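Take a look at the chain below.

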Amino acid sequence: MNEDDIRLLAYVDETLPAAQRAEVEAAVTASPELADAVESLRASRLPYRETFAAQVIPPVPESLRANLDTLLRAHALRQMPVAQGTPDVATPRESAAPVRVDDAHNLPAANDAPTGRRVRAWWLAAAFAAGVAATAVTLPLLSGVLNKSGVNGGGLMTASAPPPPKSPQGTTWVRAAAEYQQLYARDTIASVHVDDSDTERTVNDIRQNDKLDINVPDLRSQGLTFKRVQRLRWQDRALVQMVYLPETGDPIALCVVRDPRPDQGVAEQKIDRMGVVTWRKGQVGYALIGAPGSVDLKAVANSLAQL
């Protein structure tokens, strides 16, 4: 039996009917070449879906999708069977349908006639295209929020993205902080060791360089354990982030910026999947940010606003 790549992919993906699966297993057992091909395909099955399931990732831009469609379509044409007597000319298919990014596993495979080894360049091209798409989406998402800089042992991080658009849900710095907080998971903070001297040095730098007279609130009575303080920067002004870990759930952040507008009482809002409570006092703006359900954000904010 001459197994093709599509069938081997279906076998590896465990989507073949039982009868066909038995046939493929018999062919793999009898052919070291097929066994090697199956192992290669299994090794390439990374859990992309599970890895990105919890991430908030924007859709692939239509322009990028169109470019990938063109790339895959051109590659598919190059892999079509070669006409007899014209080894350098590919035989076109009049009814060939456009090749989409999602159809990568349905592209035709080419065989090397003298040896029988299959050429899986199309499969590699599809994997490459998927990597390009993931990179094009993920890198701007990560680097566009905050670009880390190792100053004072990781105590300083600077923003490199253009300011986010204004939103009726809150001020722009609040949205930037909330979008950054969405990247945090409990494991990100749970293993962080609190260095009191480093915390004190960072707070002193903020007071001296950023002219923000801040203190790190003790919120243990609210079920929140302090983990670290960071100096961030947004639109050329300091944005201080103090991170706390609740007894269960994802981290909570208390963010502080200089804000010359009049004082304002505690107000709740939601930005994407994050709960946000904001207030202003003494020309300083505050935002308490966290995933809903971990703690009562408004209750914590009310206690902080009274300090």
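Two residues are in contact when heavy atoms lie within 4.5 Å. Keep that in mind for the next number. Among contacts in the chain with a separation of 6 or more, 57% are between residues 24 or more positions apart.

**The whole chain**

This is a predicted model. The chain has 307 residues, and 38% of them are buried. A residue counts as buried when its relative accessible area is under 20%. The secondary structure comes to 10 helices and 10 strands. The accessible surface of the chain is about 17600 Å². Carbon and sulfur atoms hold 54% of that surface.

**Two packed helices**

Two packed helices are described by the angle between their axes and the distance between the axes. Helix α2 covers residues 18-30, and helix α3 covers residues 32-43. Their axes are 5 Å apart and meet at an angle of about 115°. Angles of 65 to 115 degrees count as roughly perpendicular. The two helices, α2 and α3, are therefore roughly perpendicular to each other.

Which residues of α2 and α3 make the contact? From α2 come A27, V28 and A30. From α3 come P32, L34, A35 and V38. By class, this contact of α2 with α3 has 7 nonpolar residues, no polar ones and no charged ones.

**A covered helix**

Helix α7 spans residues 172-181 and is mostly covered. Of its 10 residues, 9 are buried. Among them are W173, V174, R175 and Y180. The list of buried residues in α7 also includes T172 and Q181.

**Strand β10 and its partners**

Strand β10 runs over residues 284-290. This strand is mostly covered too, with 6 of its 7 residues buried. β10 pairs with β7 and with β9, as the table shows.

| Partner of β10 | Residues | Direction | Bridges |
|---|---|---|---|
| β7 | 252-258 | antiparallel | 6 bridges |
| β9 | 274-281 | antiparallel | 7 bridges |

Now for single residues. R258 has V284 in β10 as its bridge partner. V276 stands opposite I289 in β10.

What do β9 and β10 form? They form a hairpin, with 2 residues between the strands. G282 sits in the turn of that hairpin. G282 has a positive phi of about 60°.

Methods: Residues are numbered from 1 along each chain as its sequence is written. This is a predicted model: local features need pLDDT of at least 70, side-chain atom pairs count only at pLDDT 80 or more; totals for chains, interfaces and linings use all residues. Side-chain values use heavy atoms; hydrogens and water are left out. Axes are lines fitted to C-alpha atoms, for helices over the stretch in contact, and angles run from 0 to 180 degrees between N-to-C directions. Helices (H or I, at least four residues) and strands (E, at least two) are DSSP runs, numbered from the N terminus. Angles under 35 degrees count as roughly parallel, over 145 as roughly antiparallel, 65 to 115 as roughly perpendicular and the rest as oblique. Ala, Val, Leu, Ile, Met, Phe, Trp, Tyr, Cys and Pro count as nonpolar, Asp, Glu, Lys and Arg as charged, and the others, Gly among them, as polar. Buried means under 20% relative accessible area, exposed over 50%, partly exposed in between (1.4 Å probe, protein chains only). Two strands pair if DSSP finds at least two bridges between them. Accessible areas come from the Shrake-Rupley method with a 1.4 Å probe; for residues, only the protein chains shown count as cover.
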